[in-house]
Amino acid sequence: MTVTRYKCLRGRSSTLARLWPLLLLMAFPAVAQDVGIPAVNVTTAEDGSTSYSVTIQILALMTMLTFLPALIMMMTSFTRIIVVFAILRQALGLQQTPSNQVLVGLALFLTLFIMTPVLERVNRDAVQPYLGEQLAPVEAVQAAAAPFRDFMTMQTRENDLELFMRLSKAPPVESVDQIPFTVLVPAFVTSELKTAFQIGFMLFIPFLVIDLVVASVLMAMGMMMLSPVIISLPFKIMLFVLVDGWVMVVGTLASSFGM
């Protein structure tokens with residue numbers, strides 16, 4: 001009985017320990033007001049600009065970080081690079097080499113290299129003025145979106161833009177700057193996939209020729225039970241190494257973005 005009573009008292013005390021902050025705020029509304037209002041403080045300046053409290057800014061920043069992977073994949077050169085790398089590995093006949101971690105890491109650093117001018121422009125036009133309190137949060141976001149808009153516009157085909165403008169039933173625009181991001185981003189991704197498959201097709205042709213030659217030789221020698229993939233794999237790797245394939249692929253990808 002003593003042990004049971006002790007457990008009951010212990011459970012009640014732990015419940016009260018969790019509820020006492022809520023009870024305190026209910027008992028003293030002034031404390032609740034002092035605690036709650038600064039967290040959602042919105043200040044309007046004399047010039048009409050709006051500033052938010054640090055708590056709201058941190059909350060918005062943490063929310064934006066959850067969309068960071070989608071932004072990296074959909075608004076940068078990452079999509080084209082990783083698709084080309086995947087097609088290249090398939091053309092070589094290698095299933096797990098290089099591994100996914102190696103390909104993704106290489107694609108990320110190559111994306112950082114290609115996107116460096118865009119990121120420097122974002123830092124100059126949006127980040128530094130915002131840190132120097134020269135721009136409001138909304139104005140800083142708009143200034144940061146402009147370099148990405150210019151980059152995606154340069155890499156997007158006109159027919160893809162026209163397709164998504166027609167599907168979204170958006171009104172006609174006078175300039176590219178008026179195209180909403182909801183139309184520009186899917187058009188950009190579609191163009192990136194098409195370009196990536198075009199580059200991948202050009203990479204696939206020499207390895208396909210090697211497969212055909214090896215298969216024909218094995219067929220002529222009567223070795224029909226021997227898989228041509230096993231024989232052609234060393235020749236494809238040797239060809240790729242002799243022509244310095246990684247440098248050619250990376251250089252082609254970088255130059256395809258106008259670098």
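## Terms and basis of the model

Helix axes here are lines fitted to C-alpha atoms over the stretch in contact, and the angles between N-to-C directions run from 0 to 180 degrees. Helices (H or I, at least four residues) and strands (E, at least two) are DSSP runs, numbered from the N terminus.

The structure is a predicted model, in which local features need pLDDT of at least 70 and side-chain atom pairs count only at pLDDT 80 or more, while totals for chains, interfaces and linings use all residues. Residues are numbered from 1 along each chain as its sequence is written, and side-chain values use heavy atoms, with hydrogens and water left out.

## Confidence

The predictor's confidence in each residue is given as pLDDT, from 0 to 100. Its average over the protein is 75, and 76% of the residues score at least 70. Residues 1-13 have a pLDDT below 50, and this stretch makes zero contacts in the model beyond near neighbours in sequence; contact means heavy atoms within 4.5 Å. Residues 15-37 also have a pLDDT below 50, with three contacts beyond near neighbours in sequence.

## Overall make-up

The protein contains twelve helices and two strands. Their order from the N terminus is α-α-β-β-α-α-α-α-α-α-α-α-α-α.

Of the 259 residues, 26% are buried. Buried means under 20% relative accessible area, exposed means over 50%, and partly exposed is in between (1.4 Å probe, protein chains only). Among contacts between residues at least 6 apart in sequence, 66% join residues at least 24 apart.

## Helices H10 and H11

Helix H10 covers residues 181-220 and helix H11 covers residues 228-242; their axes come within 9 Å and cross at roughly 140°. That angle makes H10 oblique to H11. Angles under 35 degrees count as roughly parallel, over 145 as roughly antiparallel, 65 to 115 as roughly perpendicular and the rest as oblique. The crossing of H10 and H11 is right-handed, a term used when the near helix is turned clockwise from the far one by less than a right angle, with anticlockwise being left-handed.

On the H10 side, the contact involves Phe 207, Ile 210, Asp 211, Val 214, Ala 215 and Leu 218, which meet Pro 228, Ile 231, Ser 232, Phe 235, Lys 236, Leu 239 and Phe 240 in H11. By class, these residues are ten nonpolar, one polar and two charged. Nonpolar covers Ala, Val, Leu, Ile, Met, Phe, Trp, Tyr, Cys and Pro; charged covers Asp, Glu, Lys and Arg; the others, Gly among them, are polar.

## Helices H7 and H8

The axes of H7 (residues 116-131) and H8 (residues 137-155) come within 9 Å and cross at roughly 170°. The two helices are therefore roughly antiparallel to each other.

Residues of H7 in this contact include Val 118, Arg 121, Asp 125 and Tyr 130, and those of H8 include Pro 137, Ala 144, Phe 148 and Asp 150. The contact has 13 nonpolar, no polar and three charged residues.

## Individual residues

Glu 192 is in helix H10. Its relative accessibility is 0%, so Glu 192 counts as buried. Leaving out residues up to four places away in sequence, Glu 192 touches Thr 76, Ser 77, Arg 80, Gln 155 and Phe 257.

Ala 86 lies in helix H5 (residues 78-92) and is partly exposed at 38% relative accessibility. Ala 86 and Val 104 are 18 residues apart in sequence and 9.9 Å apart in space, C-alpha to C-alpha. Asp 244 sits in the loop between H11 and helix H12 (245-256). Although Asp 244 is not a glycine, its phi is positive, at about 55°. Asp 244 has a relative accessible area of 43% and is partly exposed.
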